[in-house]
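Hi,

Here is the structure I said I would pass on.

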Amino acid sequence: MSYTLTQQLNHINENSWDDTITSDNAPGLFIAVTANSIEAGAAQREMTVQLFELEQAPEENVTNSGLYIRQDGETSVKAVLLDTSGKEVASNVTDYPL
């Protein structure tokens with residue numbers, strides 16, 4: 001199956017942000033953010049989103065990264081979607097708005 005992953009970066013205040021992530025997974029699967037990090041001095045934050053099985057899960061799924069602090073020099077967020085076995089099946093890079 002082919003997957004699509006989208007992101008909406010939400011500015012909360014000052015340097016506080018969160019990320020609403022949406023996938024088009026099949027019914028019976030849901031997504032959750034399992035990692036959110038940026039290396040010191042890097043320009044791109046990386047988020048790992050994992051597919052999990054749940055019989056009642058809808059076809060389209062939305063999750064949120066939770067609040068995080070945008071680092072100096074951080075310009076974008078890369079989200080990577082992993083299937084239930086841990087294999088990368090989709091990714092998306094979104095730049096912060098100017």
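Buried here means under 20% relative accessible area, exposed means over 50%, and partly exposed is what falls in between, with a 1.4 Å probe and protein chains only.

Before the rest, some housekeeping. This is a predicted model, in which local features need pLDDT of at least 70 and side-chain atom pairs count only at pLDDT 80 or more, while totals for chains, interfaces and linings use all residues. Residues are numbered from 1 along each chain as its sequence is written, and side-chain values use heavy atoms, with hydrogens and water left out.

**Around E2**

Strands (E, at least two residues) are DSSP runs numbered from the N terminus. Seven of the eight residues of E2 are buried, so the strand is largely enclosed by the rest of the structure.

As for its partners, two strands are taken to pair if DSSP finds at least two bridges between them. E2 runs antiparallel to E1, with eight bridges between the two, and Gln7 stands opposite Ile21 of E2. E2 is also antiparallel to strand E5 (residues 61-64), through four bridges, and there Ile21 faces Thr63. A further antiparallel pairing, of two bridges, links E2 with E6; in it, Tyr68 of E6 is the bridge partner of Trp17.

E1 and E2 make a hairpin with two residues between the strands. One to look at in that loop is Glu14, whose phi is near 40°, a positive value in a residue other than glycine. Glu14 is exposed, with a relative accessible area of 71%.

**Aromatics and the core**

A search of the whole structure turns up two aromatic pairs. The rule is that rings of Phe, Tyr and Trp (its six-membered ring) pair if their centres lie within 6.5 Å; planes under 30 degrees apart count as stacked, over 60 as edge-to-face and the rest as tilted. Trp17 and Tyr96 form an edge-to-face pair, at 4.8 Å centre to centre and with 75° between the planes. Tyr96 is buried, with a relative accessible area of 5%.

The largest nonpolar core has 16 residues, and Tyr68 and Leu81 have the most contacts inside it. Such a core is a set of buried Ala, Val, Leu, Ile, Met, Phe, Trp, Tyr and Cys residues joined through side-chain atoms within 4.5 Å. At least two of its residues come from each of E1 (5-13), E2 (16-23), E3 (29-37), E4 (44-53) and E7 (76-82).

Contact, by the rule used here, means heavy atoms within 4.5 Å.

Arg45 lies in E4 and Glu74 in the loop between E6 (68-69) and E7, so the pair ties together parts that are 29 residues apart in sequence.

Both Arg45 and Glu74 are buried, and the relative accessible area of Arg45 is 5%. Beyond four places in sequence, the contacts of Arg45 include Asn36, Tyr68, Glu74, Val77 and Tyr96.

**The four-stranded sheet**

There is also an open sheet of four strands, in the order E3-E4-E7-E8 and with mixed pairing. Its edge strands are E3 and E8 (88-95), each pairing on one side only.

E7 and E8 are antiparallel, joined by seven bridges. Across them, Leu82 stands opposite Glu88 and Ser76 opposite Asp95. The two strands form a hairpin with five residues between them, and Gly86 in the turn has a positive phi of about 95°.

That's it from me. Over to you!
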